[in-house]
Amino acid sequence: MRAKLLALFILFASPLFGQTVAIRAGHLVDPARGSVAKDQVILVQDGKIKAVGADVAIPKDAQVVDLANEWVTPGLMDAHTHMTLTEITGGAPFESFYLKESSTYRGLRGLRNAQTLLQAGFTTIRDVGNEADYAMVDVRRAIEGGMFTGPTIISAGKIIAPFGGQSTAIPPEQGPFWRWEYLDADSPEEVRKAVRENIYYGAKVIKLVADNSSYPFSLEEVKAAVDEAHRSGVAVAVHVYGGQAAQNVIEGGVDSLEHGFELTDAQLQLMKDKGIFLVGTDFPRAHLDIIGTSGGIFAPPEILAPKILDRLRRAYRIGVRMAFGTDTVMEVPNRTRADLMLDYLAVWRQAGVPPAEILKCMTSNPAELLRVNHERGAIAQGLAADIIAMPTNPLDDIESLRKVNFVMKEGKIIRQPQ
Ligand SMILES: [Zn+2]
């Protein structure tokens with residue numbers, strides 16, 4: 001009985017339970033419109049936004065957070081992460097990224113990276129596979145269960161690919177070791193089974209790799225994945241560079257193309273017409289110089305970097321809907337993974353994408369792609385209080401995002417200006 005009373009006391013003593021937090025926002029940025037409203041009040045209660053506006057009254061007992069000198073935006077999203085993976089740079093084969101680490105170890109890294117991202121203002125991430133044996137499903141459950149703080153995680157479980165995952169020419173005596181990381185699927189029926197298996201084990205998005213082997217997915221196989229996933233309310237993201245494989249993926253009606261470095265104008269136009277997102281993972285040249293061909297997955301940096309810039313320019317000109325996604329898996333001393341992810345902003349700037357559009361691609365656009373737009377992705381009444389702030393205007397200079405000094409996740413203050 002005493003233990004029960006104590007538990008109740010702790011629950012009610014928590015500043016979040018039932019208490020209202022009032023944020024005084026000097027400049028409230030609306031990324032969907034590219035506009036700024038001055039001197040707004042955001043009332044937050046039980047993790048959600050209760051009211052927003054200039055005339056919102058602050059209740060007497062509210063905890064007031066003063067962001068009068070800050071620019072306040074919805075929390076950021078990255079639509080293409082691999083939280084549990086660390087790339088071994090310097091020409092190591094692709095399999096070496098995952099062969100010598102257990103799912104438990106990978107999960108711990110995933111949690112650490114997810115928390116690092118949250119500190120930097122990324123309140124939602126989509127983790128598109130390469131998570132060992134469903135390690136990110138457990139990270140998500142631990143966060144959702146209140147064991148740790150962390151971002152909202154939409155994870156893909158195992159990547160579905162034609163026989164061999166993203167490995168080629170492994171001798172038969174090594175066995176199909178990639179199956180701890182991938183599901184082999186070589187007919188529409190096998191694709192359907194793989195989608196169901198993933199969803200059963202906790203995947204919230206389906207990830208296909210369509211052209212990393214000499215037998216790319218057929219249109220029928222793509223359609224089977226889309227049909228099966230959509231029936232369960234889950235979106236389909238596909239790793240594909242271009243060519244006929246990309247054509248099959250676009251015509252198959254997936255939700256997003258990942259990378260798409262070789263997409264033609266006609267393919268980008270078709271994506272726009274069909275409402276398919278591009279998650280371009282637009283690597284900075286300096287990163288490519290470190291990772292090289294990423295164990296044989298990418299073209300050499302001097303070829304790939306200009307291609308990425310050109311494709312991003314064309315995608316923006318044509319008007320394809322885009323979501324920011326980085327695919328960052330390398331480690332650099334004295335820089336966090338979030339620092340490295342924000343390096344991609346320079347590529348977007350170089351491609352001539354205006355700051356307002358970049359911010360949209362990091363908030364409201366991915367919210368739609370991730371199918372969380374009815375819960376988060378904007379600062380509006382009824383949505384989760386995923387709110388960040390910074391001391392300069394991101395619509396003037398998108399690099400302001402590097403200065404995020406306030407982070408609130410579902411009403412909980414993760415960090416605030418000193
Ligand atoms: Zn990736």
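Predicted model: local features only at pLDDT ≥ 70, side-chain atom pairs only at ≥ 80, totals over all residues.
Residues are numbered from 1 along each chain as its sequence is written, and side-chain values use heavy atoms, without hydrogens and water.

**Exercise 1.** Work out how the radius of gyration of the chain stands against that of a compact globule.

*Solution.* Start with the rule: 2.2 Å times the number of residues to the power 0.38, with the radius taken over C-alpha atoms. For 418 residues this gives a value near 22 Å. The chain has 22 Å, so the two agree. Next, look at the box that the C-alpha atoms fill along the principal axes: roughly 70 × 55 × 45 Å.

**Exercise 2.** Find how far helix α9 reaches from its first C-alpha to its last.

*Solution.* Helices are DSSP runs of H or I with at least four residues, strands runs of E with at least two, numbered from the N terminus. Just after α9, Gly-319 has a positive phi of about 95 degrees.

**Exercise 3.** Identify what covers the buried residues of α9.

*Solution.* First pick out the buried residues (under 20% relative accessible area, 1.4 Å probe, protein chains only); among them are Leu-304, Ile-308 and Leu-312. Then search for contacts, meaning heavy atoms within 4.5 Å. The cover includes β12 (256–259), α7 (265–274) and α11 (344–350).

Definitions and conventions. Expected span 1.5 Å × (residues − 1). Buried < 20%, exposed > 50% of the residue type's maximum accessible area, 1.4 Å probe, protein only.
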